[in-house]
Amino acid sequence: ILVLLGIAGIGKTYTVRKIMLDWASGELYNQFDYVFHLDCKSLCNVLEESTVLDLIFESCPELRQVPGEVIGSTERVLVLIDGLDAVDLPPDSGPWKDGLGTARLPVPRLLLGLLKRRLCSHWSLLVTVRPTVVEQIMTCNLACQWAEILGFPKERIDDYFQRYFEEPETAAEAVQHVRSNEVLLEMCVTPLICWVVCVLLDSEERPRDSMTYILVNYIYTLLKHHHTDSVSDKEMLQKLCLLARTGVEQRKSCFRMQELPVELAGMPKLPDSFVMRILTQQGVTKRSEYSFTLPALQEVLAAISFAGDATGDQLDELLSNALLPENGHLRVVVQHLHGLLHEENWDLLESFGLHLGSRLRARLAHWTGEALKVCRCRPEDSYFLLDLMLCLFERREEAFARDALRQLPEITLQCIVLEGRHFLVLRYCLQHCRPKLVLRNCSLRSQEARKLLPLVDSTTLVEYNMHQLGYLELTSSPNSDALDLTCSTESAAGDTTLLPSVRIEGVPRAQTCLRWFLQDCGFCPRTLYFHDQKEEEEVQGMLEVLQETDCQLQCVRLMDTGLTAASVPAVCSLLRKTAVSALSLGDNPLGDEGVRLLCEALGDPSCQLQRLSLVRCVLSDGALPHLQVALEGTRTLTELRLGGN
């Protein structure tokens, strides 16, 4: 006997059917002459007494022509018992009449006879069960092997989407959608979640990338197709919501039997489609705990419970506590409450007799206003601000999001690790407002920055008809290659005539950064700041990158970058090949030799430089003759600054 263990939707039934297919096609399991499939969920509807052979012939009527003695006596038979958790096995009482499968007994007793090897003991059995009935099978004292189906490994999740969608482009889009959301990626280990996501992506429904919408559809599918308990769907959902809300209020994800609410503790067995049992060994004793199969499942079920709160008292307490900085776990529930305002979500839940609280929308609007006040009072609390933006993202009401974000002149996230889903949230918020965006010490690496930088310029300008975010600043995070990003609607000096502009400050491997910034992301700055970039070779490399790209640079500021006369030829080449009209080389030890090389470029007809700053560049009187010749020969230069020399 082999027992396959796994939660609902993990792929147990699929595995059984795949075994049947492989055997029927002759690819595997050739050691068996017969393979039979017994669906325990269907067998629960068989009320009259039957024999084992009757159950087999019910699924394979063609075999009625084969003598029962042949089937009953051969050892080359494999029986696949799928979903044994749907059957309440009786206690082993009384003798068994025969072992050939011809005894007429109730279906649960027939299955018990097969498991205890009292009926057809020479057959091989493969049994699939959910974790909640493991101990029940153990009490049968079976000498069996156990295996657990853990779902898809993360690196193989892509295969499912590539097989589901016929078009490679659609499959690639689905994979990107899942892998950009770390929470969803963790959930997609469960094949049923993958199927739900594929169905939603394949439809035109919105909001298909809302976690609330995905989870509500998952709950609906479990109740409609994986719920085998005698309790009605409505009653079961209400009890589950109560358990989830209790866990959120007590900050618990695991429950001992004595900690369960009375409504659940009195049930014959817990709903194993949603709850799994965890057995732990403590010395010589065993301890049982229960938890939801997915952490996100507990959060959205708790939100459903609060959303249906008739009096609103418990909801008000939740919303009030969610404003406190230490209660991030409650704000996740508030995010799902916003998501539940969607008609698509509540239409599914109303089919189970649930009703939305009449004042939920008004209460959430009031909470959002209070949350905005908290953001203004605690601008350093980036996690709170991100939670608020996630609420707006789940709610997906454009007017509501626009009115809320107008109250935030600046979105500042600092000292926080941004994940893929957060970029979706930032994109959504930038579509509905144009505040100053500051991402500081957020470990923005190249892959994530590529997603955001096009949004800052072309996406916000073209697709959504917004004023482009012009000033952009890149700085480094200590001891890493991460990038920081600052954007606003005007340049650092408030000069909107030079938009857009870029500032690169102390960024490791800045040459590589600038190349993907200009070439891969397609950003076209007019002003470029290099500040405190101590590696002279890096600056020279970046100047070469600027010559490779067809960007319309107007102003380049190379302040305090450690440039010497050795770097001036690269600067001169830039002046000859681009339309730069303003150049600042202040606080660099160029010396008289550097100025001599620079002045040669100023006399070139292709040079269009109008303003030049050589403040504090270690110049002496020896530089004056070269400057005089340059001023006499140039046709464009109108401003020269030499202070601090």
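**Salt bridges, a loop and a cavity**

At 43% relative accessibility, Lys373 counts as partly exposed (buried is under 20% relative accessible area, exposed is over 50%, partly exposed lies in between, with a 1.4 Å probe and protein chains only). This is a predicted model, where local features need pLDDT of at least 70 and side-chain atom pairs count only at pLDDT 80 or more, while totals for chains, interfaces and linings use all residues. Residues are numbered from 1 along each chain as its sequence is written, and side-chain values use heavy atoms, with hydrogens and water left out.

**Salt bridges**

- The count comes to 23 salt bridges, taking a side-chain nitrogen of Lys or Arg within 4 Å of a carboxyl oxygen of Asp or Glu as the rule.
- Lys373 pairs up with Glu370, with 3.4 Å between the closest N and O atoms; Glu370 is partly exposed at 24%.
- These two sit 3 residues apart in helix 18 (residues 360-377), so about one helical turn separates Lys373 and Glu370 (helices are DSSP runs of H or I with at least four residues, strands are runs of E with at least two, both numbered from the N terminus).
- In helix 1 (residues 12-24), Asp22 and Lys18 are 4 residues apart, again about one helical turn, and their side chains meet in a salt bridge at 2.9 Å, N to O.
- Asp22 is buried at 6% relative accessibility, whereas Lys18 is partly exposed at 37%.

**The loop between strand 17 and helix 27**

- Arg616 sits in this loop and forms a salt bridge with Asp587, the closest N and O atoms being 2.6 Å apart.
- Asp587 belongs to the loop between strand 16 (582-584) and helix 26 (591-602), so the pair with Arg616 ties together parts that are 29 residues apart in sequence.
- Most residues other than glycine have a negative phi.
- Arg616 has a positive phi of about 55° without being a glycine, and Val618, also not a glycine, has a positive phi near 60°.
- Val618 is in this loop too and is exposed at 59%.
- Ser620, another residue of the loop, is 6.6 Å from Asp592, C-alpha to C-alpha, though the two are 28 residues apart in sequence.

**Cavity**

- Searching the whole structure turns up 1 cavity of 30 Å³ or more (a set of points on a 1 Å grid over the protein atoms alone where a 1.4 Å probe fits but cannot get out; lining residues have an atom within 4 Å of a point).
- Among the lining residues are Leu602, Leu612 and Ala630, and helix 27 (residues 624-633) gives the most, with 3 residues.

Methods: 1 Å grid on protein atoms, 1.4 Å probe; cavity = no way out; pocket = protein on both sides within 12 Å on 5 of 7 lines; lining within 4 Å. Points joined across faces, edges and corners; volume = space filled by probe spheres on them.
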